[in-house]
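Colleague: I have just opened this model and would like to go through it with you. Could you take me through the main points?

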Amino acid sequence: MSSLPMFMMNVIAATSLAAGQIPVGGDPDRAQDIITGSDVDSIRNIASAYGKVYQSEDKSGDPKLVGRMNGARYIVYFYGCKRHTDCDSIQFYYGLSSNKDYTQTVDDWNRTMRFATASIDEDGDPVLTMDVTLVGGLTRANMTDWFDLFDLQMGDFRGRLLD
């Protein structure tokens, strides 16, 4: 047992936590696993576990990732970037070019599913998007979970569209 009084130990722990020296989980090694909107390479590395991915730029010069999951092309757009880095959010995007009317499929999706949102784009094509905030950073495990979720939801959405 420490020779410091419990009150003093609590003050030291609270000060270290507030200063960001100890992550909320209490494990100082996890502080290195936080991914922010400046860590495009880390996000790309996670994306590469799902298939081919390459980094590009959008029309304004902000980063974007273009990849494949289970044979389907998707994009990760970076938003709220300061000088094309330090972005505050990302958006997963999947779209299917088609001449069919998918209004009912999109309505059914939005009524029954969480996290990803379906819509019809300006060309009349079905689109699936999922926004993720990066403010304060995400753990590597949490970012991987977002990719897992989009992989599952994109597969489900594609299945509904292609039936």
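Colleague: What should I know about the source before we begin?

Modeller: This is a predicted model, in which local features need pLDDT of at least 70 and side-chain atom pairs count only at pLDDT 80 or more, while totals for chains, interfaces and linings use all residues. Residues are numbered from 1 along each chain as its sequence is written, and side-chain values use heavy atoms, with hydrogens and water left out.

Colleague: How many helices and strands does the protein have?

Modeller: The protein has four helices and eight strands. Helices (H or I, at least four residues) and strands (E, at least two) are DSSP runs, numbered from the N terminus.

Colleague: In what order do the elements run from the N terminus?

Modeller: The order is α-β-α-β-β-β-β-α-β-β-β-α.

Colleague: And how much of the protein is buried?

Modeller: Of the 163 residues, 38% are buried. Buried means under 20% relative accessible area, exposed means over 50%, and partly exposed is in between (1.4 Å probe, protein chains only).

Colleague: Turning to α2, which of its residues are buried?

Modeller: Helix α2 covers residues 40-48, and its buried residues are Val-40, Ser-42, Ile-43, Ile-46 and Ala-47.

Colleague: Where do they sit around the helix?

Modeller: The buried residues of α2 fall within an arc of 165° when seen down its axis, so they line one face of the helix. The arc is that of the directions from the helix axis to the C-beta atoms.

Colleague: What covers them?

Modeller: The cover includes strands β1 (34-35), β2 (53-57), β3 (63-69) and β4 (72-79), together with helix α4.

Colleague: Now to α3 and α4: at what angle do their axes cross?

Modeller: The axes of α3 (residues 103-112) and α4 (residues 140-162) cross at roughly 145° and come within 10 Å. Axes are lines fitted to C-alpha atoms, for helices over the stretch in contact, and angles run from 0 to 180 degrees between N-to-C directions.

Colleague: Which residues make that contact?

Modeller: Helix α3 contributes Thr-105, Asp-108, Trp-109 and Thr-112, and helix α4 contributes Gln-153, Asp-156, Phe-157, Arg-160 and Leu-161. Contact means heavy atoms within 4.5 Å.

Colleague: How many salt bridges are there in the whole structure?

Modeller: A search of the whole structure gives three. A salt bridge is a side-chain nitrogen of Lys or Arg within 4 Å of a carboxyl oxygen of Asp or Glu.

Colleague: Which residue does Arg-111 pair with?

Modeller: Arg-111 forms a salt bridge with Asp-108, with the closest N and O atoms 2.3 Å apart. The two are three residues apart in helix α3, so about one helical turn separates them. Arg-111 is exposed at 58% relative accessibility, whereas Asp-108 is partly exposed at 27%.

Colleague: And which residue does Arg-160 pair with?

Modeller: Arg-160 forms a salt bridge with Asp-156, at 3.0 Å between the closest N and O atoms. Both lie in helix α4, four residues apart, about one turn of the helix. Arg-160 is partly exposed at 29%, and Asp-156 is partly exposed at 31%.

Colleague: What about Asp-41 and Arg-44?

Modeller: Their side chains meet in a salt bridge of 2.9 Å, N to O. Asp-41 is partly exposed at 45% relative accessibility, and Arg-44 is partly exposed at 25%.
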